[in-house]
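Student: I've got a new model open and I'd like to learn how to read it. Can we go through it together?

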Amino acid sequence: MDTQKISLLEGREKQVYEKTAGGVEVDIACDKTSLSGSVSQRACVFCGSRVVLYPVADAIHIVHGPIGCAAYTWDIRGAVSSGPELHRLSFSTDLQEMDVIYGGEKKLYKSLIELIDQYQPNAAFIYSTCIIGLIGDDIDAVCKKVAKEKGIPVLPVHSEGFKGTKKDGYKAACMALMKLIGQGSTEGISKYSINILGEFNLAGEAWIIREYYEKMGIEVVATMTGDGRIDDIRRSHGASLNVVQCSGSMTTLAKEMEEKYGIPYIRVSYFGFEDMSKSLYDVAQHFPDKPELMEKAKEIVRDEIRKYYPEMQKFKAALTGKKAAIYVGGAFKTFSLIKALRTIGMSVVLAGSQTGNKQDYKNLKEMCDEGTVIVDDSNPVELSKFVLEKEADLLIGGVKERPIAFKLGVGFCDHNHERKIPLAGFIGMYYFAKEVYESVMSPVWQFAPRKGGAK
Amino acid sequence: MTTNASAMTAKTATQNACKLCTPLGACLAFRGIESCVPFLHGSQGCATYIRRYLISHYKEPIDIASSNFNEETAVFGGSHNLQLGLKNVTQQYKPQVIGIATTCLSETIGDDVPMILKDYKAIMNDPNLPTMIFASTPSYSGSHIDGFHTAVRSAVQTFATGGTKKNMLNLFSGMISPADIRYLKEILKEFGMPFMLLPDYSQTLDGGPWGEYHRIPPGGTPTSAIADSGSAAASIEFGSTLEAKKSAAGYLEAEFGVPRHQLPLPIGIKATDRFFALLEELTEKPMPEKYEDERRRLVDAYADGHKYIFGRKAILYGEEDLVISMAAFLREIGVVPVLCASGGKSGQMKQRMLELIPDMDEQGIEAREGVDFVDIEHEAERLKPDMLIGNSKGFTMSKKHELPLIRIGFPIHDRFGGQRLHHLGYRGTQELFDRIVNTVIEERQKSSPIGYTYM
């Protein structure tokens, strides 16, 4: 099959790079808005805000605009809550033609008052969608008025879809969180305390991570935003350190908190044994006056790895030599996945992300083997081209990438925000390897045309 | 925190919508045209969200291009982005057709898309340019089903030509499953009369594996067939609430004098009999023996299963046309659809139902348009149904109230094989009947401590 015929679009060449021996060192273009007509796998500003704030479970999330944006994000994430589940409801002002003509402020106000009365939330987030930016609704004023009347924080999130990329949506979400932070009492918070940022408690991952830290003797003040609660967020400025995962979405918040409250931050990843261990050690290192933390961290790492090692060897024996393609939202996750895949004997032939920055791609280039293709803001045609050309056995991505893999007879691992299986933590690495093993080694591929299509 | 959901209902906001936005329907319809790429003129998020939503049901790659608005586009108009997008889609997908639908954003800024397309054609001056279909689908007006019909009508407006009458039928089958489409095609083939079914996504959204990469999945209604639709002997159009002035068959009748025969979706024996009677009349051929057989088996099954379900109460929800036809079918088998609900708002639902179920008021059957899942849930508390019948979005309600849910239509996001479910004709009715009976039997078996092994 001749995938060479699939050419890259004009304007996309600089966002694709193949690492070759003695190849020219070029910077990958990134941080660009997607090319019109290129079928980007990205979403929009609204999506960025919505995914970040979504797991706050004791707040109501109201999407101000026509129905689509709320309908498509109803119960969309696998972010679980240990208590209230208001985040799993979908609220929309469902604007109609007349609202677009005469403005939607009144409808928003009335919706808010009614919903707050009905659900008694601890806060409300109001997301503006595309047309709010055009019809000129003053949602800040409405929020202020409702907050005063109802006595809870009512926070506007300026997430008009077209005003930037998903990253701008992350920023808007962080700004909304900043309005809450600093409002609660920090009394009684330990010196050895952290906030976990950018952990969304998909399939209970935040609980796994929290337990490790608590076992070490660290107090976790707030997780943002997995299993999130308004009151925890309000007092999160009392923590001594911010530990940031999914750096793409939450670094803004960490930086803001550093500037305003002097809280330092570190970047971590909870995927794979290597990075997971490091994220415990790095936190322990931050508190050198309490060496027990490090001892405890080492103990946890030792115990956990021992628990999963035998099974991992089984997976590795089967998977050694298999090839993987990675296309996920944030680049930081890509680094961890490359390391995690190496643990189970797999190499990476394609690595890419929707929202990586220059430094991310530089690091990625250093990490990758020769022949690896690196892409920014890719699309189905490109992904298919490289999966076929590089003869990948596995694709790691999200819902939109899954059918590409299956159509082409390639295994798939779901590593996006809809997943139902925890992939973070030591146990998560075990589940990850298991999922990869089960998909790559499935006998069904013998019937795929590219594998000969057994009859 | 307390949730006073039963104490009062907020009425202004839409909560857990029982509808989707207009552009989604248009994208789905465009997917049923051969060599066509759907293209949304708006923010990147619209295309991505809709892809994700469709993929989760159909499990197939669904590429939808976007003109990817940014702030400048919103201020100065979308002409540049749209034209660049069309160019890129043409280069990357080599389509014969591009189906362009608007969004709330491009509609609100007032982009004159037909004018932009005219300019584009003039600038490109290329006879091999893909044909462009344009559908105006602002999401603040109507719901996904309206977008679907608008796109189908636009396709016919774009391609249909008049001329000498051909011995051929048009079938506009509406928003049905790929399995239903395959069944209808089989029926028409058996009648031995040439036909044009639009939109035909039976293969594009439920196809085989790929040995090589396909830019556009194989299948779909050929544009040459759509062109012939103007000279067909007659059109059959499914959909009780679909008005001629908004429909494809309505256009063909007004423009080329092709008689329009409007039928409810053929679900149940009576509605299917009407469909076959019309086919017999139009083709001047008797119903093939094969379908007589299917009908006989169905009548026999009704007899075998009737006692399990008589008098059982169901809540039905979904698109109006599906709900209306399902309600009539349930009346045939002794089930009472106590509430027939839809997020759509045609204003005709009650009237169309009365035509099929004249005693609906006496039977305590209510029809409600423009409702959401929270409204339906309130009604469920009052009506105490035995089962819910509708798409998978009723699951939350079904779990909370411990009501069995029979999944039909679109979307089915929490079960496997939604694209392969039959609903139409004797075959589809048989499948639905079996599932309804089995649901009741299963409930009865589960709730009995005895453990009956014969039911």
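Predicted model: local features only at pLDDT ≥ 70, side-chain atom pairs only at ≥ 80, totals over all residues.

Student: In which sense do strand β3 of chain A and β1(B) pair, and over how many bridges?

Tutor: Strand β3 of chain A, residues 91-92, pairs with β1(B) in the antiparallel sense, over two bridges.

Student: What about the rest of the interface? How many residues of chain B are in contact with chain A?

Tutor: Contact here goes by C-beta atoms within 7 Å. On that basis, 63 residues of chain B touch 69 residues of chain A. Elements giving two or more residues to chain B's side are β1 (14-15), α2, α3 (71-76), α4 (79-93) and α5 (104-108) of chain B. The biggest giver is α2(B), with ten residues.

Student: And what is that side of chain B made of, by residue class?

Tutor: It divides into 27 nonpolar, 25 polar and eleven charged residues.

Student: Now inside chain B. Which domains is chain B divided into?

Tutor: Domain 1 covers 16-263 and domain 2 covers 289-447. Their C-alpha centres lie 29 Å apart. Across the boundary, 27 residues of domain 1 of chain B are in contact with 35 of domain 2 of chain B. On the domain 1 side, α2 (44-58) and α8 (178-191) of chain B each give two or more residues, and α8(B) gives the most, with seven. Those domain 1 residues split into 14 nonpolar, nine polar and four charged. Notice that α2 of chain B turns up on this side and also on the side that touches chain A.

Student: Let's switch to chain A. What does its secondary structure come to, and why call it compact?

Tutor: Chain A has 17 helices and 14 strands. Its radius of gyration is 23 Å, close to the 23 Å from the globule rule for 455 residues, so chain A is as compact as a globular protein of that length. Of its 455 residues, 60% count as buried.

Student: Which residues have the most contacts inside the largest nonpolar core?

Tutor: That core has 289 residues, and the ones with the most contacts inside it are A:Ala325, A:Leu394, B:Leu316 and B:Ala327.

Definitions and conventions
Residues numbered from 1 in each chain as written. Chains lettered and ligands numbered in written order. Domains from an automatic or database assignment. Contact = placed C-beta atoms within 7 Å. Helix = DSSP H or I, 4+ residues; strand = E, 2+ residues; numbered from the N terminus. Nonpolar A, V, L, I, M, F, W, Y, C, P; charged D, E, K, R; others polar. Rg over C-alpha atoms; globule rule 2.2 N^0.38 Å. Buried ≥ 20, exposed ≤ 12 C-beta atoms within 10 Å, placed from the backbone. Core = buried A, V, L, I, M, F, W, Y, C linked by C-beta atoms within 7 Å. Pairing = 2+ DSSP bridges.
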